[in-house]
Amino acid sequence: MHHVKQLINGQFVDSNTSEWIDITDPATQEVIAKVPQTTDDEINQAVAAAQKAFQTWRKTPITTRARIFLRYQALIRDHMDELAEILTAEQGKTIADARGDVFRGLEVVEHAAGIANLQIGDFVENVASGVDTYSIWQPLGVCAGITPFNFPAMIPLWMFPMAIATGNTFILKPSEQDPMVTMRLVELAVEAGVPEGVLNVVHGGKATVDAICDHPDIKAVSFVGSTNVGKHVYERASQSGKRAQCMMGAKNHGVILPDANKEQTLNQLAGAAFGAAGQRCMALSVVVLVGAAGEWIDDIKAKAEGLIVSAGKHDKDLGPLISPAAKARVEHLIGTGVEEGASLILDGRGITVEGYEKGNFVGPTIFDNVTSDMQIYQQEIFGPVLCIMRANSLDEAIELLNANPHGNGTAIFTQSGAAAHKFQQDIQVGQIGINLPIPVPLPMFSFSGSRASKLGDLGPYGKQAVQFYTQTKTVTARWFDDEASRGVNTTISI
Ligand code: NAD
């Protein structure tokens with residue numbers, strides 16, 4: 001049985017713990033490895049190693065730091081097939097989707113390789129006579145990242161490359177449900193030249209997360225995961241004086257106007273609602289059909305029925321959910337939808353996939369006539385379940401969306417520039433797609449979920465991550481060019 005290792009001070013080491021968590025293949029329930037609940041002592045060792053490494057890493061030339069990420073991006077490309085295979089085995093998503101998971105992280109690594117152009121401060125000459133002020137963006141120290149199960153490649157890569165490139169050292173805590181592809185990416189980072197102690201990995205669940213939040217030598221915590229845990233992390237980390245950012249749960253609505261390009265819209269909707277079995281924080285889990293678009297119900301259903309559910313390695317359309325518990329929760333929520341009076345027009349419960357009878361499969365599921373007081377609307381289902389709602393006008397749709405607390409993503413489908421512009425201006429959601437269902441920005445921007453989907457001001461990659469992982473220092477300097485004394489001045493200068 002493979003035991004997942006920790007990375008402490010440049011060494012991949014076994015844990016001394018007596019507590020091990022099973023990693024299972026979600027298509028078969030086969031236990032494929034075990035991951036440790038890292039001990040307190042091991043967490044302290046990792047932080048101490050990171051603290052020590054920071055003393056030299058922060059003074060390492062920025063160009064040296066950048067070049068590591070040039071090598072790293074090449075290594076990730078070279079290992080793309082292997083990474084996708086590991087990811088699919090432990091997470092369940094299709095191979096093509098797993099490659100996408102790795103690729104979207106790779107883009108952040110490429111961005112980190114340009115750090116010398118990103119971590120540039122400001123300079124103003126002659127703020128007073130003969131006086132200049134400049135700002136420098138210095139690393140914070142030891143930073144930490146806590147990641148969810150649903151993007152085990154992309155989300156760790158949102159975090160440690162930017163943190164390390166800006167001169168910090170890092171403690172990563174991957175999801176205990178699928179840490180193996182994350183560990184392979186970490187091995188490649190070490191191979192690319194990340195020095196000992198600069199990147200460390202500890203494992204486990206709540207105990208490790210709480211220890212990270214409390215540790216006095218950790219200066220910042222980046223978290224991605226569910227809303228309840230994110231709130232807990234934000235409060236606990238902030239209370240111990242840390243900078244914190246938490247990207248959390250969502251309920252993303254697609255708004256379809258009757259003038260939308262029908263075939264394109266239906267295809268995009270089906271992909272975004274059911275892809276990755278709905279386990280994406282940017283999944284479109286609610287669709288609001290405006291006016292005559294309400295007649296597209298049968299077409300939406302037909303698209304969903306055409307999707308094939310199978311083990312991820314067969315690369316069909318949808319894989320299994322991450323765990324039996326996740327499957328039970330999704331099926332329970334579908335049950336509440338029926339009880340609360342929504343019309344279940346496609347039921348994905350109880351499907352069997354030949355050869356994978358024990359897999360955590362739920363097929364595409366669609367509810368019509370959903371209202372905002374129902375559990376299936378109020379909760380993030382995180383499964384392949386689409387809720388359909390109606391609105392008489394764009395204004396009514398905007399009002400509905402803005403009344404929902406979440407602000408991760410949304411999309412409008414229309415041929416009208418004026419309608420799209422109104423939507424973009426009035427909608428209170430941080431990431432908007434126009435005829436595009438999952439508008440996650442590339443790293444030249446930053447992930448910009450908002451309202452209940454986020455705590456903290458700054459996003460996890462891109463320009464905002466450079467700010468998150470640095471402290472601005474300003475220097476105001478005067479260099480005397482003559483000996484003339486101006487005498488003692490006891491007033492504030494004007
Ligand atoms: P999760 O909150 O259960 O786990 C996230 C991390 O927190 C894991 O590392 C886990 O070990 C740890 N954790 C779990 N329970 C904890 C507890 N009680 N106390 C402290 N730490 C705990 O999330 P998940 O199920 O792995 O991921 C799915 C969730 O993540 C969804 O809600 C999804 O919307 C969200 N997500 C959000 C974004 C975003 O950018 N907004 C991106 C991806 C996923």
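**Reading the helices: a short tour**

Guide: Let's start with helix H1, residues 40-57: its 18 residues reach 25 Å from first C-alpha to last, close to the 26 Å expected at 1.5 Å a residue. The expected span is 1.5 Å times one less than the number of residues. Helices here are DSSP runs of H or I with at least four residues, strands are runs of E with at least two, and both are numbered from the N terminus. This is a predicted model, where local features need pLDDT of at least 70, side-chain atom pairs count only at pLDDT 80 or more, and totals for chains, interfaces and linings use all residues. Residues are numbered from 1 along each chain as its sequence is written, and side-chain values use heavy atoms, with hydrogens and water left out.

Visitor: Which residues of H1 are buried?

Guide: An α-helix has 3.6 residues a turn, so residues three or four places apart point the same way. In H1 the buried ones are Glu42, Ile43, Ala46, Val47, Ala49, Ala50, Ala53, Phe54 and Trp57. Viewed down the axis of H1, they fall within an arc of 160°, so they line one face of the helix. (That arc is taken from the directions from the helix axis to the C-beta atoms; buried is under 20% relative accessible area, exposed over 50% and partly exposed in between, with a 1.4 Å probe and protein chains only.)

Visitor: What does the face of H1 turned away from the buried side carry?

Guide: The exposed residues Asp40, Lys52 and Thr56.

Visitor: How do the axes of H2 and H6 cross?

Guide: Two packed helices are described by the angle between their axes and the distance between the axes. For H2 (residues 62-78) and H6 (residues 154-165), the axes come within 9 Å and cross at roughly 150°. H2 and H6 are therefore roughly antiparallel. Arg65, Phe69, Tyr72 and Ile76 of H2 make the contact with Leu157, Phe160, Pro161, Ile164 and Ala165 of H6. Contact means heavy atoms within 4.5 Å. Angles under 35 degrees count as roughly parallel, over 145 as roughly antiparallel, 65 to 115 as roughly perpendicular and the rest as oblique.

Visitor: What about H14 and H15?

Guide: The axes of H14 (residues 394-403) and H15 (residues 417-426) come within 11 Å and cross at roughly 25°. H14 and H15 are therefore roughly parallel.

Visitor: And which residues of H3 are buried?

Guide: Met80, Leu83, Ala84, Leu87, Thr88, Glu90 and Gln91. They pack against several elements, including strand S4 (20-24) and H2.

Terms used:
Axes are lines fitted to C-alpha atoms, for helices over the stretch in contact, and angles run from 0 to 180 degrees between N-to-C directions.
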